[in-house]
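Dear colleague,

Please find below the structure that I am handing over to you. I would be grateful if you could read the notes that come after it alongside the coordinates.

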Amino acid sequence: MSHNETTICALASSTGQGGIGIVRVSGARCIEIAKKMLGHVPKPRYAHYGSFFNQDGVEIDKGVALFFPAPNSFTGEDVLEFQGHGGILVMRSLLESAMALGSIAAEPGEFSKRAFLNGKMDLLQAEAVADLIDASSEQSARSALRSLSGEFSDQVNALTKALIELRVFVEATIDFSDEEIDFLNSEGVGLKVAHIKESIESILTSAEQGAILREGLTVVIAGKPNAGKSSLLNALTQRSSAIVTDIAGTTRDVLKETIHVNGMPLNIIDTAGLHVSEDKIEQEGIKRAHGEIERADVVLMVFDAQDKEPDLSILPAVVKDKPLLLIKNKVDLTSESTGMSKVNGRTQILLCAKRADGLDLLRQELSDIAGLSDTGEGVLLARKRHIVALESALKSIHSALEQLDNGASELVAEDLRQAGQSLGSITGEFSSDDLLGEIFSSFCIGK
């Protein structure tokens, strides 16, 4: 049963000119629209070639039409697709005709939202549709496909089921709290809760890696002027993104580029040289550099090999809580070899950015920091809200274990209930209209 009586339509292919364009219609008026625009209702799930007409019976185009009756469609409603020539005028005419016959323009993500509301997929799978479209690497595409096929959902649903069964048992024992028998300990409830805790921790680890795979690591290049920061950016991106000269202070603003390492996006940010300056423009650049360092996942402290050691005092205090790699650059000037070492407990990489020597060591170290394997197998492509929900569930489970030690059965049951509700919010079992609006508004129109 559809949750919406309106019929929606949208361009389901890319905007602009192309060989083929697709207009998708979903809702109760699909049959009526098919009769007007095709002259008949196509046989379900068969491709029909013929003319497309507007609301006045004027031929617009010739192409292929597909009809998917409810509930056996993507949205769970009647769905009609027009696959015609991908001209801008043709697609616009098809959309205008569908709207003139009773449909309205779809909102971003409205087809996927209807699929979720009509029980065709859960919220995780709906989000995976958008993630698969946005995937920028093979790894992220494979991970999104696993979520779309239900792998992430199955793990969450299995945990939710275990929590419900355990909570039902705990609540049942509350009526026997005056008895001498300790049902909770006798039935190994503590071990079961501990097992659930381990399972949530495992999923959370995978989800955190998936968030990195989806959103990437933000890597900020910092250091004194003329240390070779811009040369390092150019070497990593393999193009002249930043101006490189022998004049100190060439970079005065923030430069941002994105590359991929082992399928992981790296958002690399080159910043102004950190030093004391009376120049107002340089001061603003240094202020912006500090802001980027505060938001960074990883900081690369670049220094000239001729300086022997880096001056960490130029970095803001917040850097002590972040992964910091020491990049000893220009080793060609000191006749040192590229390589890795430890300096006061920190990883130091010796390289020559100008010649692109030693960059593989840096790429591998960044990949190791992210915790991603070369294949990314088992990683669940996740969003921030998934991680927050898993962390909330884990917090409730930790509380349940504490209450078990204190013998507070009622509080154990409540903690288990809250943990289950947190997990349910991931798949959409418990979700507000505001959350759904926020999630689907980020989708492209036509999905």
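The notes below begin with the conventions and the chain as a whole, and then turn to the sheets, the helices and some individual residues.

This is a predicted model, in which local features need pLDDT of at least 70 and side-chain atom pairs count only at pLDDT 80 or more, while totals for chains, interfaces and linings use all residues. Residues are numbered from 1 along each chain as its sequence is written, and side-chain values use heavy atoms, with hydrogens and water left out.

**The chain as a whole**

Of its 447 residues, 49% are buried, where buried means under 20% relative accessible area, exposed over 50% and partly exposed in between (1.4 Å probe, protein chains only). The accessible surface of the chain is about 21,700 Å², and carbon and sulfur atoms hold 50% of that area; the areas come from the Shrake-Rupley method with a 1.4 Å probe, and for residues only the protein chains shown count as cover. Among contacts with a separation of 6 or more, 65% are between residues 24 or more positions apart, a contact being heavy atoms within 4.5 Å.

Strand E3 (residues 48–53) runs antiparallel to E4 and is joined to E4 by six bridges, and Tyr 49 has Val 64 in E4 as its bridge partner. The hairpin of E3 and E4 has five residues between its strands, and in this hairpin Gly 57 takes a positive phi near 85°. Strand E2 (residues 18–26) and E5 are also paired, in the antiparallel sense over eight bridges, with Val 25 opposite Leu 80 in E5.

**The seven-stranded sheet**

The open sheet of seven strands has the order E8-E9-E7-E10-E11-E13-E12, and its pairing is mixed. Its edges are strand E8 (255–261) and strand E12 (339–343), each with a single partner strand, so one side of each is left without a neighbour in the sheet. On average, neighbouring strands of this sheet are turned by 25° against each other, direction ignored. Strand E10 (residues 298–304) and strand E11 (residues 324–329) run parallel and are joined by six bridges; the partner of Met 301 in E11 is Leu 326. Helix H11 (residues 359–370) packs on the sheet, touching E7, E8, E9, E10, E11, E12 and strand E13 (346–350), and its direction makes about 180° with that of E11. Helix H10 (residues 280–295) lies across strand E7 (217–223), E8, strand E9 (264–270) and E10, at about 140° to E7.

**A helix pair**

Helix H12 (residues 384–406) packs against helix H13 (residues 409–427) at an angle of about 170°, with the axes 8 Å apart. H12 is therefore roughly antiparallel to H13. The residues of this contact include Ala 389, Ala 393 and Leu 404 of H12, and Leu 411, Leu 416 and Leu 423 of H13.

**Individual residues**

Most residues other than glycine have a negative phi, and most peptide bonds are trans. Ala 70 and Pro 71 are joined by a cis peptide bond, with omega about 0°, and Pro 71 is in the loop between strand E4 (59–68) and strand E5 (79–86). Lys 330 has a positive phi, near 65°, and is found in the loop between E11 and E12. Ala 356 has a positive phi near 60°; this residue lies in the loop between E13 and H11 and is partly exposed, with a relative accessible area of 40%.

Ala 144, in helix H5 (residues 138–148), is buried with a relative accessible area of 0%. Not counting residues up to four places away in sequence, Ala 144 touches Ala 128, Asp 131, Leu 132 and Leu 381. The C-alpha atoms of Ala 144 and Ala 128 are separated by 5.2 Å, although the two residues are 16 apart along the chain.

With kind regards

Technical notes: Pairing = 2+ DSSP bridges. Helix = DSSP H or I, 4+ residues; strand = E, 2+ residues; numbered from the N terminus. Axes fitted to C-alpha atoms, helices over the stretch in contact; angles between N-to-C directions. Parallel < 35°, antiparallel > 145°, perpendicular 65-115°, else oblique.
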